[in-house]
Amino acid sequence: MAKSKTAAESLSVICDELRSFLEAFDPGDAEDAQVRTGALISSMIRAGVLKESPSVKNFRLHIAMERVHLPVPNREEIVARAEMFHDLVNSYGGEPDEDDMEMARTLLEEIADALISAISVRMKKGQASLHMSDGIGEETE
Amino acid sequence: MTNRQVPTDKELVARATMLACRAGVDWSLIASQCTELVVFGSRAAGLETPFSDLDVLVVRKRGLAMPRPRVRGIDLVFRTEDEILSVEWLKSEMAGHIAAYGRWLQGSGRWRNNAWAVRGEPNEAAEAKRRRISRLAEALHNHWDRLTPDFRRRNLTTLRREKQRLQLLQSGIAIPPTRLLDMWAEHNSARNCCGVHALSGTDLPEILLETATQPELV
């Protein structure tokens, strides 16, 4: 029971991270978005729904969305949006224009909706204590 | 010395065509709608990792509303003919990098001789880089506790590279592909045994001077 509560709390940390990311999103501060993306993926790893990988490439949000062990709705679409989000906030030279950052905000909202919905489904089903070894995830590789 | 294998233009075009085809995009159509196609970044220099994207500058023909397709594995940067002649572009970090390290698959790239030549005081590219470093450091400070050790390392590496780039920009040197920055850091670290702190040193690696294709720009 205690383990289940801990897992549920860990999942709610992901939701908190997403909400905080959206609330604080500043189109003039791509660096904050870049570091917060890392914090978001870190929260997934700590919640046990994403396996840490030695590959730098796998730290990217779209790879995380592809591999996260949650029932993400329309996963393929969300992965594509996450990849676009990555490209928009990581432009060469580090200063994306504000139009690109506004588009990134819209994409983040869609990603957050999908992730929060997936977490909600997982928690409602009382599966919060289950980890990736339970075979619920949709790992693609 | 590294054993770099710099790809031929034909190989670069073949890679772009293959990746575009996978995404359902006709690369020859993109080529027909632009005046310049320039590959830059690590793949242009043969310094890529298996995960490196192909960075391509696409200069659109004047007056042509060209779609901006998204191709996985290719980072397309779109500019208009007017934009690449603007002082803002010519002073930018990206223009300086492309002018020195870019591989022209199409077009003459006459603007590259003007890149950085128009750089005045204050050095706007360096100022932009300084702002970025400041924001990055602040973000890291704010979110440090919530990052896993790997993300901390990764962000510190980004910060180190950006400090290297700032040093180069302040010295009027075009920014090289990232792998060269890492080799420079490794070289300094081995020689000075002080890792990231070596970036505050003033010596610039010979490899940066050797690699640029436009010596007059470095």
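User: How many nonpolar, polar and charged residues are in the lining of the largest cavity?
Analyst: The lining has five nonpolar, no polar and three charged residues. Ala, Val, Leu, Ile, Met, Phe, Trp, Tyr, Cys and Pro count as nonpolar, Asp, Glu, Lys and Arg as charged, and the others, Gly among them, as polar. This is a predicted model, where local features need pLDDT of at least 70, side-chain atom pairs count only at pLDDT 80 or more, and totals for chains, interfaces and linings use all residues. Residues are numbered from 1 along each chain as its sequence is written, chains are lettered from A and ligands numbered from 1 in the order in which they are written, and side-chain values use heavy atoms, with hydrogens and water left out.
User: Which residues line that cavity?
Analyst: Phe21(A), Ala24(A), Phe25(A), Asp26(A), Asp29(A), Asp32(A), Ala33(A) and Met101(A). On a 1 Å grid over the protein atoms alone, a cavity is a set of points where a 1.4 Å probe fits but cannot get out, and a pocket is an open set with protein on both sides within 12 Å along at least five of seven lines; lining residues have an atom within 4 Å of a point.
User: And how much space lies in the largest cavity?
Analyst: About 30 Å³, counted as the space filled by probe spheres set on the points, with grid points joined across faces, edges and corners.
User: Switching topic: what's the strand order in the chain B sheet?
Analyst: The open sheet of four strands runs β3-β2-β1-β4, with mixed pairing; two strands pair if DSSP finds at least two bridges between them.
User: Why is one side of β3 and of β4 left without a neighbour?
Analyst: In chain B, β3 (74-80) and β4 (103-106) stand at the edges with a single partner strand each, so one side of each has no neighbour in the sheet.
User: In which sense do β2 and β3 of chain B pair?
Analyst: Parallel, over seven bridges. Val58(B), for one, has Phe78(B) as its bridge partner in β3(B).
User: Last one: how much area do the chains bury?
Analyst: Chain B and chain A bury about 2600 Å² between them, 51% of it on carbon and sulfur atoms. Buried area is the accessible area (1.4 Å probe) that two parts lose on being put together, summed over both.

Notes:
Helices (H or I, at least four residues) and strands (E, at least two) are DSSP runs, numbered from the N terminus.
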